[in-house]
Amino acid sequence: MSSPPAYPGIRVSGCWTLGAEGSNAESLDRLLPPVGAGRSPRKRTTSQCKSEPPLLRTSKRTIYTAGRPPWYNEHGTQSKEAFAIGLGGGSASGKTTVARMIIEALDVPWVVLLSMDSFYKVLTRQQQEQAAHNNFNFDHPDAFDFDLIISTLKKLKQGKSVKVPIYDFTTHSRKKDWKTLYGANVIIFEGIMAFADKTLLELLDMKIFVDTDSDIRLVRRLRRDISERGRDIEGVIKQYNKFVKPAFDQYIQPTMRVADIVVPRGSGNTVAIDLIVQHVHSQLEERKLRWDLAALASAHQCHPLPRTLSVLKSTPQVRGMHTIIRDRETSRDEFIFYSKRLMRLLIEHALSFLPFQDCVVQTPQGQDYAGKCYAGKQITGVSILRAGETMEPALRAVCKDVRIGTILIQTNQQTGEPELHYLRLPKDISDDHVILMDCTVSTGAAAMMAVRVLLDHDVPEDKIFLLSLLMAEMGVHSVAYAFPRVRIITTAVDKRVNDLFRIIPGIGNFGDRYFGTDAVPDGSDDEEGGSTG
């Protein structure tokens, strides 16, 4: 048994056995003050993002972030860029803990926590060997992919989706799978070199430096690297003395001068954190990131319906089917049967708006026939769950080999805002004509969020067709005003929306009536049957 290496500021009693990671980590815990010592426990919020936004695994290869804000102006773009907070400081200074405390105290649903640790460069084979022997400097600016960091942060500030690498610290490499994040109203970017690049600094609206005692940082790093990253004490100390401490003195500590706020003692300084939260709240209020769908619709209620809207001709047959499905006394079997008939007619009508080109074929009699051929590459249907999926069989029945994607958007009962909770889209969807399906649209909020998701995946706006059995004028105006090149196709448009944003006279809760589930307790007829209108 050998004595542990000496290092400044830490008094070691007794002897540690190298390689006994479990007991070493427990010993290190005793050297650290408890997080937030001396502070009363903060009441937990009910925000979607108490820490990092929850991740929903939709497949083995894709990860999506739950909760995406619909804060876009009347032109379909984000009203203001998101508020970006930079958190800098030495390794193990408590930056992530401070970030999570800020998120919890903010109590807003849509916050993205972006860690600089995700953006280490891909190492060469030689560098991998150096890292395996603790001889690679991960605490140097050159270790980070600043170009990818900057492009990622720019897109997030603009409300666009981004793909973020997942770094494996045990193998010193990026994992094959990347996670997808969506823009939010607040972005917190944390890392040891958060203030080391001039272009990156210009993207940050607030710069916070977490200043923690060097002894505390060292003990935290020992505990973390031993318990979480499979390192041994000797290797951690070697790396600290050779790279971590010199890098802090040369690259990190000098950036304290560019910070707007310095937080001594890190997460233990609740006064500073409360002041930061107050400032962010005032900035959000000033930027007015929310926008009022009702006010927008009211401003356009006297306007004629947009040219991008196409309503299925109200023949006696179509009106008769509407009479049946709108009747509260209609049985579930009849409701399903006539809804499916209307869906088939709606899909057939929508296909007439796809691009076709002249083509000539030969008939069995050897004669030429001048006809039309679909001029696109592929047709993809995307249903807004859960009601939208009821339209998929009709689409499959008339489009051979159609691809299907799904989006789940639900209303946050506290904020009243739609949130994206699940997403599965086919690969290369940007080349397709996309038929976006939802059975009813009242305010248009869910439809607009779904359109934004498609645009984020590079689907051209003029290749998106929004199909719905029933729409309210409010929703039509909202979608058309925000996305003037999206084709809107429905079988009927109702005039009014009540105070609960339900279509009047409407059809009731389509999802409940179709699937035979119970209505929501307040008796409201949430037209989307699981999503928001």
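At what angle do the axes of helix H10 and helix H11 cross, and within what distance do they come?

Modeller: The model is a predicted one. In it, the axes of helix H10, residues 316-326, and helix H11, residues 332-351, cross at roughly 145° and come within 9 Å. The crossing in which H10 passes H11 is left-handed. On the side of H10, the contact is made by Gln317, Val318, Met321, His322, Ile324 and Ile325. H11 contributes Phe335, Tyr338, Ser339, Arg341, Leu342 and Leu345.

The nonpolar cores may be taken next. In the largest nonpolar core, which has 40 residues, Leu114, Phe144 and Ile149 touch the most other members. Two or more residues of this core come from each of strand S4 (111-115), helix H4 (146-157), strand S5 (162-168), strand S7 (186-190), helix H5 (198-203) and helix H7 (233-252). The greatest share is that of H4, which gives six residues. Setting aside neighbours within four places in sequence, Ile149 is in contact with Met116, Phe119, Phe144, Phe189 and Leu200. Another core, of 38 residues, lies apart from this one, and Val318, Met343, Leu351 and Ala492 are among its members. Val318 is also one of the residues through which H10 makes its contact with H11. In general terms, nonpolar side chains tend to be buried together in soluble globular proteins.

The structure holds 10 aromatic pairs. One of them is formed by Phe356 and Tyr374, edge-to-face, at 6.3 Å centre to centre and with 65° between the planes. Phe356 lies in strand S11 (residues 356-362) and Tyr374 in strand S12 (residues 368-374), so this pair ties together parts that are 18 residues apart in sequence. Phe356 counts as partly exposed, at 42% relative accessibility, and Tyr374 is likewise partly exposed, with a relative accessible area of 25%. The rings of Tyr514 and Phe515 also form a pair: their centres are 5.3 Å apart and their planes stand at 70°, so the pair is edge-to-face. Tyr514 is buried, with a relative accessible area of 10%, whereas Phe515 is partly exposed, at 31%. Ring pairs also link Tyr120, Phe136, Phe138, Phe144, Phe146 and Tyr167 into a cluster.

Some details of the backbone complete the account. Ile504 and Pro505 are joined by a cis peptide bond, with omega about 0°. Pro505 is placed in the loop between strand S23 (503-504) and helix H15 (510-515). Asp401, although not a glycine, has a positive phi of about 60°. Its loop runs between helix H12 (392-398) and strand S14 (403-411), and Asp401 counts as exposed because its relative accessibility is 58%, where exposed means over 50%. Asp428 likewise has a positive phi, of about 55°, and is not a glycine. Asp428 is found in the loop between strand S15 (418-424) and strand S16 (433-437), and at 53% relative accessibility it too counts as exposed.

Key: Residues numbered from 1 in each chain as written. Predicted model: local features only at pLDDT ≥ 70, side-chain atom pairs only at ≥ 80, totals over all residues. Heavy atoms only, no water. Axes fitted to C-alpha atoms, helices over the stretch in contact; angles between N-to-C directions. Helix = DSSP H or I, 4+ residues; strand = E, 2+ residues; numbered from the N terminus. Left-handed = near helix turned anticlockwise from the far one by under 90°. Contact = heavy atoms within 4.5 Å. Core = buried A, V, L, I, M, F, W, Y, C linked by side-chain atoms within 4.5 Å. Buried < 20%, exposed > 50% of the residue type's maximum accessible area, 1.4 Å probe, protein only. Phe/Tyr/Trp six-rings, centres within 6.5 Å; stacked < 30°, edge-to-face > 60°.
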